[in-house]
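Hello,

Here is the structure for your files. My notes on it follow below.

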Amino acid sequence: MIKAVNLSKTYKMGEKKVEAVRKANFEVDKGEFFVIEGVSGSGKTTLLYLLGGLDRPSEGTVEIDGQDITRLSENQLAKFRLKNIGFVFQTFNLIPTLNARENVEAAIVPTGMPAAERIERAMNLLKAVGMENRWHHLPGKLSGGEQQRVAIARALANNPKVVLADEPTGDLDTKTGLKIIEMLKELSLNNGQTVIVVTHAPYVAEYATRRAKMEDGVLTFAD
Ligand SMILES: Nc1ncnc2c1ncn2[C@@H]1O[C@H](COP(=O)(O)OP(=O)(O)OP(=O)(O)O)[C@@H](O)[C@H]1O
Ligand SMILES: [Mg+2]
């Protein structure tokens, strides 16, 4: 489902170069629950951005479901992401002027789904993450963990083939975190969705079908 070949990203900061991702080579099958661990600054977010087409690699390619996304124009890429990729940002990135339900709806609007159906879908997604009673709150009135759950609902809005989650349990207590991880795990098991999770939480790794570690831009597999 996902194939990375010599995937690299180098940031240039004046004279200095930061090799955030160095020649990553791997494949992730449909329905896998792939967990990436690593200390702060090791390149985890950069790697997820490359896989999700949110950033362009300096070198190498990313294939999603047979499509080399590094060859797509910005326009094509936006369309491809809409249909195929759900991204849970480390910093949530909710729209501050929209309430929880509207934030989820905003991800659905570009698909052209009729409003009534869209609202129902957004509410069902919020229910799945335990946020149905707070649907009318603006992000600023929600705790970090609650915002995170809305962000997860939004990422799942269009039933993406690939879900990329950057520390989705970072701001959650263990109990809520476990619920979220079990929900993501269920998506991979019952819905065949491919899930990649970046995490620091030891309990998340227990759900993995495969684990890898990021160290100084280098990805190595545990098994
Ligand atoms: N836009 C950027 N410009 C320059 N350097 C960057 C940029 N984004 C990330 N970096 C650098 O690339 C390296 C990897 O960063 P990245 O955010 O991918 O790490 P991370 O593993 O996600 O860390 P954390 O666990 O703190 O989220 C770091 O040294 C970081 O400073
Ligand atoms: Mg990060």
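A nonpolar core here is a set of buried Ala, Val, Leu, Ile, Met, Phe, Trp, Tyr and Cys residues joined through C-beta atoms within 7 Å. Buried means that 20 or more other C-beta atoms lie within 10 Å of the residue's own, with C-beta atoms placed from the backbone.

This is a predicted model: local features need pLDDT of at least 70, side-chain atom pairs count only at pLDDT 80 or more, and totals for chains, interfaces and linings use all residues. Residues are numbered from 1 along each chain as its sequence is written, and chains are lettered from A and ligands numbered from 1 in the order in which they are written.

The largest nonpolar core has 59 residues. Among those with the most contacts inside it are Leu-51, Leu-164 and Ile-196. Beyond its neighbours within four places in sequence, Ile-196 is in contact (C-beta atoms, placed from the backbone, within 7 Å) with Val-28, Phe-34, Ile-36, Leu-48, Leu-51 and Leu-164.

Strands are DSSP runs of E, at least two residues, numbered from the N terminus; two of them pair if DSSP finds at least two bridges between them.

One open sheet has four strands in the order β2-β1-β4-β5, with antiparallel pairing. β2 (16–28) and β5 (67–68) each have a single partner strand, so one side of each is left without a neighbour in the sheet. Five bridges join β1 (residues 2–13) to β4 (residues 59–64); Ser-8 has Glu-59 as its bridge partner in β4.

The other open sheet is mixed, with six strands in the order β6-β7-β8-β3-β9-β10. Its edge strands are β6 (85–88) and β10 (218–221). β6 pairs with β7 (residues 162–166) in the parallel sense over four bridges, and Val-88 stands opposite Ala-165 in β7.

Regards

Key
Buried ≥ 20, exposed ≤ 12 C-beta atoms within 10 Å, placed from the backbone. Contact = placed C-beta atoms within 7 Å.
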